[in-house]
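Dear colleague,

I am handing over to you the structure that we spoke about, together with some notes on what was found in it. Please open it beside this email and follow the notes residue by residue.

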Amino acid sequence: MTFSRRQFFKTSTGAALAIPLMASLDIDPCEAATGVNYDLSMANPEGAIRLNFNENALGPSPLAVEGAKAGLAEGARYALGGLLKPLIGEHLGIDKDWILMGTGSTELQRLAPISHLQGGGNVVSGYETWGGGLVVADNMGADVKRIPLIKDNGYSFDIDRMLAAVDADTKIFLIVSPNNPTGATAPYAQLKRVADSLPKDVLFVIDEAYADYLPDSFKTGLDLIKEGYSNVLVTRTFSKAHAMAGLRSGYGVAHPDILAKIAKFGCGPASTSIVVFGAVQGALADMEHARKSRAHVEECRAYYQGEAKKLGITSVSGVPPFILFEMGERSEALVSELRARKILISNGKSWNMPNYIRISYGLESENEAFFKAFREII
Ligand SMILES: Cc1ncc(COP(=O)(O)O)c(C=O)c1O
């Protein structure tokens with residue numbers, strides 16, 4: 001069957017969202033190509049319970065899947081990812097020209113140092129934190145000042161020390177909020193204090209990959225941008241609450257001048273695949289699905305916290321879809337022992353928290369399987 005991209009775009013953004021064209025598509029590439037073994041296991045043991053990568057076990061919205069299938073049928077065509085910007089802009093309440101699409105938010109995070117450290121300069125960041133862009137800054141030879149979180153204060157960001165680390169050579173100031181792996185979230189007053197204190201030529205990057213898990217009324221870096229701060233870059237993603245990690249779609253929100261500087265190095269006009277192009281439209285049309293993810297995560301958090309308490313284990317968590325357990329020197333061995341039972345979790349040694357394990361929440365049955373095995377091992 002055929003349909004034009006324009007027609008698809010119109011159809012799938014309508015209020016009723018019937019998506020009649022997509023609904024009538026019934027494509028299963030695995031079925032169509034006989035004799036080929038499509039291995040999507042990622043080298044994990046068969047039947048593994050994957051609680052290691054902060055993925056969303058609920059899976060994408062059915063509308064996102066339909067959109068992806070519709071995109072797949074148009075796979076011979078380039079997708080103009082920029083056409084998604086008005087939809088995202090409407091969703092965020094921000095002008096489309098302040099949005100740049102990326103292949104996951106990681107692309108934006110990595111391009112921030114590439115575009116802003118061309119003439120040298122240093123980076124100031126909270127730590128421990130997810131550092132997709134920090135690795136690039138390290139590889140560029142930049143001095144990355146990693147300022148530890150305040151453990152005794154809920155792993156909050158040490159804003160005083162972070163601001164004190166800013167000097168004439170600082171080009172990027174990074175906060176991941178809500179943070180991975182600790183779950184700490186910077187209150188708006190803190191973000192505003194940073195934005196007010198930073199020299200105007202320092203790019204304030206706020207990674208908001210987990211912002212969809214915050215209560216609706218919670219103010220974030222996005223509100224700074226709406227209030228006119230022109231040196232702030234917020235990155236967001238469809239990987240988490242929208243459960244589209246494997247589809248790779250994220251975006252940056254910032255003043256168009258910042259986006260133009262970043263776009264010199266990546267996030268090109270055809271960098272969004274047409275499968276993603278369809279999927280994002282479906283995802284935005286089904287925000288209820290993202291809200292369900294948030295509710296699921298809230299339930300999981302209460303369950304994991306409760307079980308940890310019963311076992312006398314110290315846990316660290318916030319709004320994101322994962323929790324840390326403090327397991328001391330046994331942490332690494334525990335990860336291996338669980339792996340042997342096909343339950344995959346992470347050890348914090350790569351984020352300088354070797355005494356912790358991180359478990360991403362799964363489906364109810366997966367969470368129960370984790371605790372069953374965990375109780376037997378510890
Ligand atoms: C804080 C944070 N930012 C970004 C990412 C990656 O996001 P994306 O899939 O949009 O590249 C992750 C992945 O776990 C993350 O934890």
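This is a predicted model: local features need pLDDT of at least 70, side-chain atom pairs count only at pLDDT 80 or more; totals for chains, interfaces and linings use all residues.

Residues are numbered from 1 along each chain as its sequence is written, and side-chain values use heavy atoms, with hydrogens and water left out.

**The ligand and its surroundings**

The ligand sits in the largest pocket. A pocket, found on a 1 Å grid over the protein atoms alone, is an open set of points where a 1.4 Å probe fits, with protein on both sides within 12 Å along at least five of seven lines, and a molecule sits in it if more than half of its atoms lie within 2 Å of its grid points. The ligand is surrounded by 13 residues, and the closest are Ser105, Thr106, Asn180, Thr237 and Ser239; a residue is counted here if one of its heavy atoms lies within 4 Å of the molecule.

Which side chains have a polar atom 2.7 Å from an oxygen atom of the ligand? Asn180 places a side-chain N or O atom 2.7 Å from a ligand oxygen, and a polar side-chain atom of Tyr210 is 2.7 Å from an oxygen atom of the ligand. For Ser239, the separation between a polar side-chain atom and an oxygen atom of the ligand is 2.6 Å. These are polar contacts, meaning pairs of N or O atoms within 3.5 Å; within protein, one atom must be able to donate a hydrogen and the other to accept it, and residues adjacent in sequence count only if both atoms are side-chain atoms. Of the 410 Å² of accessible area that the ligand has on its own, the protein covers 92%, with areas taken from the Shrake-Rupley method and a 1.4 Å probe.

Ser105, one of the closest residues to the ligand, lies in helix α6, which spans residues 105–116; helices are DSSP runs of H or I with at least four residues, strands are runs of E with at least two, and both are numbered from the N terminus. Ser105 counts as buried because its relative accessibility is 7%, where buried means under 20% relative accessible area, exposed means over 50% and partly exposed lies in between, with a 1.4 Å probe and protein chains only. Apart from neighbours within four places in sequence, Ser105 is in contact (heavy atoms within 4.5 Å) with Thr235, Arg236, Thr237 and Gly250.

**Helix α7**

Helix α7 covers residues 132–139, and its residues Gly132, Gly133, Leu134, Val136 and Ala137 are buried. These buried residues pack against α6, β3 (122–127), β4 (144–148) and β5 (170–176). Just after α7 comes Gly141, with a positive phi of about 85 degrees.

**Backbone features**

Where are the cis peptide bonds? One joins Ser177 and Pro178, with omega about -5 degrees, and another joins Asn180 and Pro181, with omega about 20 degrees. Pro178 lies in the loop between β5 and α9 (188–197), and Pro181 is found in the loop between β5 and α9 as well.

Met42, in the loop between α3 (29–32) and β1 (49–50), has a positive phi near 55 degrees although it is a residue other than glycine. Met42 is exposed, because its relative accessible area is 56%. Ala43 is also found in the loop between α3 and β1, and this residue, again not a glycine, has a positive phi of about 65 degrees.

**Two further residues**

A polar atom of the Asn56 side chain lies 2.9 Å from the backbone oxygen of Lys240.

Lys200, by contrast, is exposed, with a relative accessible area of 59%, and is placed in the loop between α9 and β6 (203–207). The C-alpha atoms of Lys200 and Ser230 are 8.1 Å apart in space, while the two residues are 30 apart in sequence.

With best wishes

Notes. On a 1 Å grid over the protein atoms alone, a cavity is a set of points where a 1.4 Å probe fits but cannot get out, and a pocket is an open set with protein on both sides within 12 Å along at least five of seven lines; lining residues have an atom within 4 Å of a point.
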